[in-house]
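We will go stop by stop.

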Amino acid sequence: MAEFDQKKAYAQQEEVFFDDGRELELLHFVYGKADIEDIRGNPQKVLAAIDEFARTKKYLMNVGEDKGKIVTNLISEVKPETMVELGGYIGYSCILYADAVRKAGGKRYFSLERDPVFGAVIASLVDLAGLSDLVKVIIGSSAVSIKRLHTEGTLKHVDMMFLDHYKPAYKTDLKLCEELKIVTPGTVLAADNVIAPGNPPYLEYVRSSVAEKRKAAEASSDESNPDARFGDRTAKQYANRQTEEKLQQSKGNPNLVYESKLINSYEPSGVPDGVEITRCTGEDYRDQQTWLAWVVKCHDPVVTRTPTMLTAESSRFAHALQNVKLIALSFFFLPLDTFVLFFSYAIRILVAFPATSHRARVRSTYTRYFEPRTVLVTGVGMTKGLVLARLFFIAGHNVIGADFEPPFLPITCGHVSRSIKAFHRLAKPDGTREGSSRYCQSILDIVRKEKVDLWVSCSGVASAVEDGQAKEMIELLTKCKAVQYNVATTQKLHEKHSFTEYTKSLGLTVPETHTITSKTAALRVLEDVRPSGKKFIMKFIGTDDSVRGDMTLLPFDSVSATKAHISRLHISESRPWILQQFIDGPEYCTHALVVRGEVKAFTACPSAELLMHYEALPPDSSLSRNMLRFTQEYAASDPENFTGHLSFDFLVDRKDAERAQRDPNMVVTLYPIECNPRAHTAVALFNSTPEMIEKGYMSVLEEPTTPVKEGSNGASYTPPVYPHQPGKYYWIGHDLTTCVILPTLSLLKIHGNSFGEAFEHFGTFLEHLFFWRDGTYEIWDPLPAWWLYHVYWPFQFAKSLLTDFKWSRINVSTTKMFGC
Ligand SMILES: C[S@@+](CC[C@H](N)C(=O)[O-])C[C@H]1O[C@@H](n2cnc3c(N)ncnc32)[C@H](O)[C@@H]1O
């Protein structure tokens with residue numbers, strides 16, 4: 001930093017250094033100058049006249065030449081179309097910056113000033129400088145003016161903001177602008193006086209990470225009074241004339257990512273000071289649940305304030321505490337759950353349940369044509385595997401269950417299900433070729449040992465391709481048939497890019513999608529699509545929990561912000577991504593069983609947050625019919641290779657979805673965003689539909705027939721099996737935490753839930769408890785639910801505690817922990 005040039009120094013700052021008439025004196029001084037006509041229309045000469053007054057007559061609290069230069073350089077780089085300054089005083093910074101904005105091609109400069117006399121001085125000098133066409137002076141308190149300008153539509157967004165007013169209001173006004181989306185990715189902030197007199201709360205805020213800001217937002221402290229770190233002089237600087245003004249309390253937007261740095265310089269009096277330059281480079285929604293909670297919070301004040309999830313940056317202690325609390329919760333509910341368990345056993349003795357009676361009936365000697373088969377279901381630790389195992393059991397078959405489990409520790413809930421005749425541990429694939437072979441071999445061994453007729457693969461995403469390998473191996477070496485695609489089909493459906501290409505080749509709609517293997521390519525595509533106004537989401541092609549759920553909409557308004565966002569992603573040939581068009585509307589998911597290209601069972605439902613609630617769409621609704629037709633066309637495209645579970649995630653344009661509710665025959669444009677060539681948890685909706693087994697799964701063992709599509713003239717079209725009285729599904733452990741425990745804890749916080757909000761959640765919980773069905777619990781097979789909450793999860797939490805594994809979310813139904 002260059003030395004301060006004493007020759008330019010303003011006069012000494014006095015005890016009273018403003019609002020003592022010097023501002024009007026300045027006006028007389030400037031307008032009284034002999035060369036006033038020469039000055040008129042020339043911003044630099046007006047500034048020189050102001051500087052002359054401040055050097056030779058009285059000190060003025062202007063930004064001054066040195067710090068002013070930092071900001072004008074920034075203006076020529078950022079080229080803001082709209083710039084706002086908070087605190088205009090006599091118009092020095094306003095004239096300096098508005099001139100720079102005009103030279104950079106900008107259109108509007110708002111100077112917000114609370115004092116009407118100062119405002120009049122600004123307007124007069126701005127007019128003298130010839131900048132009135134660009135500058136609008138707004139009189140009033142900054143927060144009030146910002147809100148008014150926003151409401152009347154005058155100020156929707158700023159490209160640059162200069163903060164130079166009441167020091168405690170820097171942070172609160174910034175948060176207000178974030179909340180109103182006036183400050184968004186691309187906005188650049190310049191804050192004056194961060195050294196003299198200093199502004200610790202503001203610096204702390206703009207230098208915090210998203211995780212820190214989320215945490216602070218959750219603590220939501222009272223910000224209506226100046227922070228205690230401001231000295232009395234600063235906190236009461238304007239108290240003389242202005243009545244005590246409460247600071248604005250705003251939520252802000254903690255998801256905004258800032259890059260901030262201090263540039264040291266001098267006050268015009270020579271006192272060292274600095275300007276903090278802060279660029280908003282993006283929005284971080286990496287934790288989708290937090291994001292959803294946040295969106296909900298901002299738009300619907302009646303919805304719960306879900307606590308922020310822990311992230312990788314959260315302390316080890318916070319993660320450890322989270323695990324300990326959940327283990328304690330399991331202990332707390334142990335007596336009640338054990339009572340429910342034994343009560344269920346007692347009832348079982350007294351009452352014949354439809355499920356078990358059905359099994360007894362089909363297996364009785366009177367049913368001559370029934371031949372029980374041996375069915376292997378892999379993935380019985382997850383709800384979907386458990387549901388299928390139980391359905392095969394009800395249908396009278398012998399069920400062998402398998403899943404990953406540590407040696408000698410029977411922790412998976414499916415292991416203890418009454419529906420399972422024998423349980424086997426699978427070798428976990430580890431990404432290596434040997435690991436995959438070990439996994440396939442372990443399935444083959446079970447098939448041989450148990451003489452399995454049908455293998456129903458219900459595994460998770462991590463072994464998707466290995467299941468394809470196991471199918472090829474088993475069908476080649478044994479007589480066992482598999483409800484599973486071969487490797488090529490699995491890969492084609494599983495991998496986002498090939499799925500999109502294949503869907504396009506079938507003439508079906510897909511959201512605009514680009515495969516991205518470099519940052520340059522991402523930026524090129526985003527700039528190409530900018531004129532169309534479409535927004536895109538960047539999705540990693542493989543599995544990476546740390547970037548899963550990043551819903552940042554790209555491109556940002558400013559090219560530099562888009563660049564900054566993309567620069568943080570790891571993109572390369574070996575880590576490819578896709579840019580997928582964002583469709584604004586509801587999401588739906590489907591589950592189907594396909595046998596040789598024919599859809600044998602089908603259900604569709606709205607995609608609930610975290611996929612923890614399921615409610616089937618009526619099969620005759622237009623949305624369900626459209627999704628079925630899509631699935632049928634897909635399955636029929638390659639009958640030979642289409643035997644397996646097939647589920648899609650669809651987006652539907654909001655208006656289409658609304659119209660579809662009124663018109664059952666409407667043809668809806670579906671945007672498939674993902675295909676999962678495996679069972680979906682929505683299979684739980686078939687819980688009371690055991691005929692899906694005979695009509696669907698067992699047909700895999702039959703001789704092939706020619707399938708006929710819905711709508712064709714073929715009289716032999718057999719509609720798929722839909723869930724019977726599907727009911728609505730939830731998982732009690734999940735809802736107990738999100739609808740009871742968290743809202744109750746939130747009640748105890750200062751800015752937490754109100755009683756009304758909390759009771760709304762309790763009401764939801766009670767509704768689910770009495771009228772919905774738990775995805776794991778069955779009165780005739782109660783042990784898996786008990787095992788899930790008192791063996792499986794406590795084991796996982798204890799393991800995380802011992803191994804320091806940091807997780808942000810868990811999915812009770814798939815038993816997956818999402819690392820962070
Ligand atoms: C340091 S001076 C601004 C100097 C000016 N930016 C310059 O460099 O030429 C601060 C100004 O902010 C104004 N101010 C203080 N609190 C304000 C508020 N809440 N809203 C708007 N203006 C405010 C004061 O009246 C004062 O004129």
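**Stop 1: Arg-654.** Select Arg-654 and show what touches it. Beyond the neighbours within four places in sequence, Arg-654 is in contact (heavy atoms within 4.5 Å) with Asp-584, Gly-585 and Pro-586. Now show side chains. Those of Arg-654 and Asp-584 make a polar contact at 2.8 Å. A polar contact is a pair of N or O atoms within 3.5 Å; within protein, one must be able to donate a hydrogen and the other to accept it, and residues adjacent in sequence count only if both atoms are side-chain atoms. Next, pick the C-alpha atoms of Arg-654 and Gly-585: they are 4.0 Å apart, although 69 residues separate the two along the chain. Arg-654 belongs to helix H25, residues 654–662. Helices (H or I, at least four residues) and strands (E, at least two) are DSSP runs numbered from the N terminus.

Is Arg-654 buried or partly exposed? Arg-654 counts as partly exposed because its relative accessibility is 39%. The scale is this: buried is under 20% relative accessible area, exposed is over 50%, and partly exposed is in between, with a 1.4 Å probe and protein chains only.

**A word on the model.** This is a predicted model, in which local features need pLDDT of at least 70 and side-chain atom pairs count only at pLDDT 80 or more, while totals for chains, interfaces and linings use all residues. Residues are numbered from 1 along each chain as its sequence is written, and side-chain values use heavy atoms, leaving out hydrogens and water.

**Stop 2: the whole chain.** Zoom out. The C-alpha atoms fill a box of roughly 115 × 55 × 55 Å along the principal axes. Colour by secondary structure: the protein chain has 29 helices and 24 strands. Of its 820 residues, 55% are buried. Take contacts between residues at least 6 apart in sequence: 75% of them join residues at least 24 apart.

Now show backbone atoms. A backbone N or O atom of Val-63 is 2.7 Å from a ligand oxygen. A polar backbone atom of Tyr-89 lies 3.4 Å from an oxygen of the ligand. At Arg-114, a backbone N or O atom is 3.1 Å from a ligand nitrogen. How much of the ligand does the protein bury? Alone, the ligand exposes 600 Å², and the protein buries 97% of that. Areas come from the Shrake-Rupley method with a 1.4 Å probe; for residues, only the protein chains shown count as cover.

**Stop 3: His-680.** Go to the loop between strand E20 (671–676) and helix H26 (691–695); His-680 is there. His-680 counts as buried because its relative accessibility is 8%. Its side chain reaches the backbone nitrogen of Ala-682 at 2.9 Å. Setting aside neighbours within four places in sequence, contacts of His-680 include Lys-384, Cys-589, His-591 and Tyr-614.

**Stop 4: Lys-261.** Select strand E6 (256–266), which holds Lys-261. Lys-261 counts as exposed because its relative accessibility is 51%.

**Stop 5: helix H21.** Select residues 496–505. Buried residues in H21 include Phe-499, Tyr-502 and Thr-503. At the start of H21, a side-chain oxygen of Glu-495 comes within 3.1 Å of the backbone nitrogen of His-497. Just after H21, Gly-507 has a positive phi of about 80°.

**Stop 6: backbone exceptions.** Most residues other than glycine have a negative phi, and most peptide bonds are trans. Ala-196 and Pro-197 are joined by a cis peptide bond, with omega about 10°. Pro-197 is in helix H9 (194–198). The bond from Leu-554 to Pro-555 is also cis, with omega near -5°. Finish at Lys-79, where phi is positive, near 50°. Lys-79 sits in the loop between helix H4 (64–78) and strand E1 (82–86).
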